[in-house]
Amino acid sequence: MKRIVLASLTLACLPLANAAAETRHFAISWFSQATYSNDHDCSQGVHPAVEEVYLRYAAKLGATPQQVAEWRRKIMNGDEVRDLDQLIMNRGRIDGKPVNPYTHPASVVDLSLPGLDGKEGFGFDLDGKGADQPGSFQDPETKERGVDHNLYRALGCTRAFRGSLASRPTYWAWAWGQLKDSQPAWLITLEGADLKKDGPVTVGIDRAYEYLRSNSDGSPRFDMAYRVDPDPRSRNQFKGELRDGVVTITEHGKLRLLQNPLVSPEFNLKDVHLRLELKADRSARGFMGGYTPWRPIYWGIAGVGFGGEQQVTGDVPGFYHLLKRYADADPDPVTGQNESISATYYIEAVPAFVKDAGAPTPQVTRR
Amino acid sequence: MKTVTIACIGAGIAIAGAATGFSLLSKTSSGADASQARAISVLTPLGVTMQPLGKAQGYDLGKSTASAIARDQIAYTDTRGMTLYTWDKDPAGKATCVDECAKTFVAFKAAPGAAASGEWSLIDLADGQKQWALKGKALYTYIKDVDPGSLGGESPANLGALRRNGAGVMVGGGYRGDLKGGKTQADPMPEGWKPALAYPIADLKLPAGLAVKELPDAAAFVLVDRRNHTVYAADASRAEQIESCTTDACRQWEVLTASQLAEALGDFTIVERSDGTHQWAFHGRPLYTFTGDLAPGYANGLSVDQQLEVAAVARYYMPPAVSIQTTAGQGRVLATAEGLTLYRRDGYILQSGGGHSLRRGQPARPAVGRDLGTNARCDEECQKNWQPFLAADDAQPSGFWDVATRADGKKQWVYQGYALWTYAGDLKPGDMNGHDSYDIVVSDDPNYVVNVGTPMDGGAGLWWSIAIP
């Protein structure tokens with residue numbers, strides 16, 4: 001009799017146990033390289049304006065000081081400099097012949113513009129070497145030392161990538177402004193016994209079919225519905241924990257998400273770290289870090305070509321040389337060139353409803 | 001065509017049709033068989049192809065055009081993609097451009113075994129061969145046309161960047177400074193010669209407020225309303241149901257209303273509904289729009305109700321080995337007969353304003369597809385995951401479909417210039433696990449010359465894209 005009662009109680013409690021599990025979904029509403037630019041982080045100065053960089057290239061390519069002075073005068077006057085444009089948009093050299101510098105960055109002379117040498121940067125101590133590691137940052141929020149974020153070192157003194165969490169870098173404002181209304185949204189799913197309490201959680205990071213839904217003023221809209229794209233290339237799950245309203249990943253694996261070639265065809269991270277703060281208004285914000293291949297980052301920047309170089313990014317082949325120089329992981333077994341770079345990204349997310357895409361579309365009612 | 005006075009006939013049939021809820025007001029449609037009406041003609045017979053003209057060939061590398069290439073004109077073409085022309089001086093059923101004339105305009109001869117169909121007929125030539133004719137007019141190619149999409153001797157390559165054409169010759173001009181090629185101005189065509197255009201459609205009598213547009217999702221030219229929204233046609237029985245039901249499902253279909261004074265015209269007739277309003281019908285099938293189509297070019301109603309179809313005027317040729325699948329993420333895609341997604345390999349071009357991820361965010365650029373060819377730079381390693389979509393040895397080109405011969409002698413289907421492939425990672429209909437796969441080129445070798453088959457402004461690379469109709 002007791003057994004029967006116990007069995008009955010167990011069965012009766014199963015739904016309760018399930019009901020106690022909690023799931024929260026978010027749609028990522030902002031994504032960018034995490035930057036913390038300030039007045040003292042580029043001791044050799046922020047990179048010059050793109051026109052000045054062009055004149056340096058011109059000098060390296062054999063232009064006389066008189067030619068450079070004349071071009072400078074015209075630029076200052078707002079006059080056209082088509083001969084300089086022709087030189088610059090074909091400033092790569094293969095066998096002495098001009099080539100497209102954006103597709104052939106290694107053929108472009110390295111102006112050796114400096115990286116960032118500030119002390120503070122967002123992120124995580126990815127390699128566990130702590131504060132003693134030369135070139136590491138201190139996180140301005142957590143005060144953790146030994147932070148590895150060489151992507152910020154590489155690009156932090158270029159004008160397009162300078163900014164802060166509040167004042168967003170030009171490149172990312174430009175890119176996200178285009179992507180948010182066309183790139184399938186990235187979704188975060190948190191599952192735990194009770195997400196109001198500390199404890200273990202599962203963190204899912206997937207891609208939706210739908211792009212981010214916005215309000216009429218362009219701000220991200222809360223509580224919109226998204227379907228998860230079942231494409232295995234964008235399905236990720238990590239074990240983590242929730243403590244004091246902050247979600248972290250405790251088993252650092254690999255992350256893969258299809259992105260958009262405007263910035264990179266795919267977003268790949270290994271040794272993934274996450275620090276996601278759950279806010280009172282049900283949104284979330286935080287940082288994701290790890291090691292990411294640097295060539296796709298260059299490739300995305302290079303896609304803008306000559307026009308975008310002038311208007312948005314600045315010296316494109318210069319990014320190639322900077323990224324190659326600051327890459328700090330995954331050395332090529334033959335050349336020794338590091339193929340990945342430590343990186344931290346800043347994310348904001350809004351609450352969302354999420355369902356599997358596999359569910360069939362309801363049939364139309366037939367009479 | 002018979003036109004009926006609405007006031008008289010409408011009153012008469014309304015009584016007879018009371019039981020069914022609606023009445024046909026035009027005698028022209030009273031005997032129409034809905035199943036017959038569904039047999040919409042295919043645009044091209046085997047052996048006749050189609051090519052978009054102008055910038056839709058994809059030569060222009062302007063970043064904005066990649067996302068908004070208008071297909072204003074589609075020409076009928078021969079199996080090489082050369083535009084076909086008719087001559088005003090030819091009488092119906094006769095080809096009179098011979099001798100000196102034939103040095104400039106070459107008869108478009110049919111392959112042995114070619115069969116006439118619909119508006120397409122065959123003219124017997126003196127040498128025993130046959131020449132294709134459209135609506136009785138003999139068809140010719142123009143020797144000054146040098147590549148697919150040429151019109152009147154003007155190559156579409158001249159509209160864009162320097163590019164290698166199908167014959168391996170660099171053509172066109174561009175904006176990249178010293179690589180700019182000289183644009184040649186074509187001489188005017190001799191008088192009386194006109195391109196044979198599949199689109200826009202000529203000689204179709206349309207009621208006011210209706211037009212015909214290309215609807216790639218349906219692989220057809222279809223009727224659109226004043227807003228350019230897709231029009232659908234219902235079976236008679238379904239139309240009755242829609243009229244008498246009030247569910248949300250029924251309310252998705254909005255009646256294409258005809259004015260009270262409108263009269264039947266050509267294939268268009270008028271249905272009087274039980275509430276006294278009039279509705280257009282095409283080939284006897286009442287017409288609707290779908291509330292789920294939020295913009296021109298949408299065809300979301302296609303997958304909602306099998307008893308309504310888009311109101312097609314003509315359909316593209318589709319090989320029997322091909323199907324169109326509706327997918328959750330990317331709408332309608334080309335697929336094998338078994339439903340597995342078909343892909344093309346494309347050269348990457350940046351989209352200013354984003355949009356790459358959107359459906360049709362990267363429209364087909366036939367010239368780029370032809371540059372890449374059947375190999376598409378997919379080497380042996382690549383072909384472990386990507387298999388060419390092979391055609392039967394006797395497969396023939398038609399419409400936007402071409403048949404190319406691979407290096408190993410096998411035939412491969414080509415759609416709008418791109419050789420088609422399947423992906424080993426797709427296991428069931430609807431899978432698109434190869435879509436948006438990139439091969440990018442960033443070399444550390446200062447002497448490495450990028451060659452991915454299509455000119456690049458910025459990042460160089462190739463990507464796999466779903467093939468869409």
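The dialogue below sets computed values against their definitions.

Tutor: Please keep in mind that this is a predicted model, in which local features need pLDDT of at least 70 and side-chain atom pairs count only at pLDDT 80 or more, while totals for chains, interfaces and linings use all residues. Residues are numbered from 1 along each chain as its sequence is written, and chains are lettered from A and ligands numbered from 1 in the order in which they are written.

Student: Why are α2(A) and α4(A) called roughly perpendicular to each other?

Tutor: The axes of helix α2 (residues 50-60) and helix α4 (residues 82-89) of chain A cross at roughly 75° and come within 10 Å. Axes are lines fitted to C-alpha atoms, for helices over the stretch in contact, with angles from 0 to 180 degrees between N-to-C directions. Angles under 35 degrees count as roughly parallel, over 145 as roughly antiparallel, 65 to 115 as roughly perpendicular and the rest as oblique, and α2(A) and α4(A) are therefore roughly perpendicular.

Student: Which residues make that contact, and of what class are they?

Tutor: Tyr54(A), Tyr57(A) and Ala58(A) of α2(A) meet Leu84(A), Leu87(A) and Ile88(A) of α4(A), contact meaning that C-beta atoms, placed from the backbone, lie within 7 Å. By class, the contact has 6 nonpolar, no polar and no charged residues, where Ala, Val, Leu, Ile, Met, Phe, Trp, Tyr, Cys and Pro count as nonpolar, Asp, Glu, Lys and Arg as charged, and the others, Gly among them, as polar.

Student: What makes up the two domains of chain A, and which elements of domain 1 touch domain 2?

Tutor: Domain 1 covers 21-45 + 122-356 and domain 2 covers 50-107 of chain A, with bounds that come from an automatic or database domain assignment. Their centres, taken over C-alpha atoms, are separated by 34 Å, and the contact takes 11 residues from domain 1 of chain A and 6 residues from domain 2 of chain A. On the domain 1 side, α7 (295-302), α8 (305-313) and α9 (316-326) of chain A each supply at least two residues, and α8(A) gives the most, with 4 residues.

Student: Why is one side of each of β14 and β23 of chain B left without a neighbour in the sheet?

Tutor: The open sheet has 3 strands in the order β14-β15-β23 (chain B), with antiparallel pairing. Because β14 (211-215) and β23 (312-315) stand at the edges with a single partner strand each, one side of each has no neighbour in the sheet. Two strands pair if DSSP finds at least two bridges between them; strand β15 (residues 220-224) of chain B and β23(B) have 3 bridges, and Phe221(B) stands opposite Ala314(B) in β23(B).

Student: What joins β6(B) to β7 of chain B?

Tutor: They run antiparallel and are joined by 5 bridges, with β7 spanning residues 130-134 of chain B, and Asp124(B) stands opposite Lys130(B) in β7(B).

Student: How many residues does each chain give to the contact between chain A and chain B?

Tutor: Chain B gives 40 residues and chain A gives 41 residues, and the chain B side has 16 nonpolar, 17 polar and 7 charged residues.

Student: What pLDDT does chain B average, and where does it stay under 50?

Tutor: pLDDT is the predictor's confidence in each residue, from 0 to 100, and chain B averages 84, with 82% of the residues scoring at least 70. Among the stretches under 50 is residues 174-182 of chain B, for which the model has 20 contacts beyond four places in sequence.

How values were computed
Contact = placed C-beta atoms within 7 Å.
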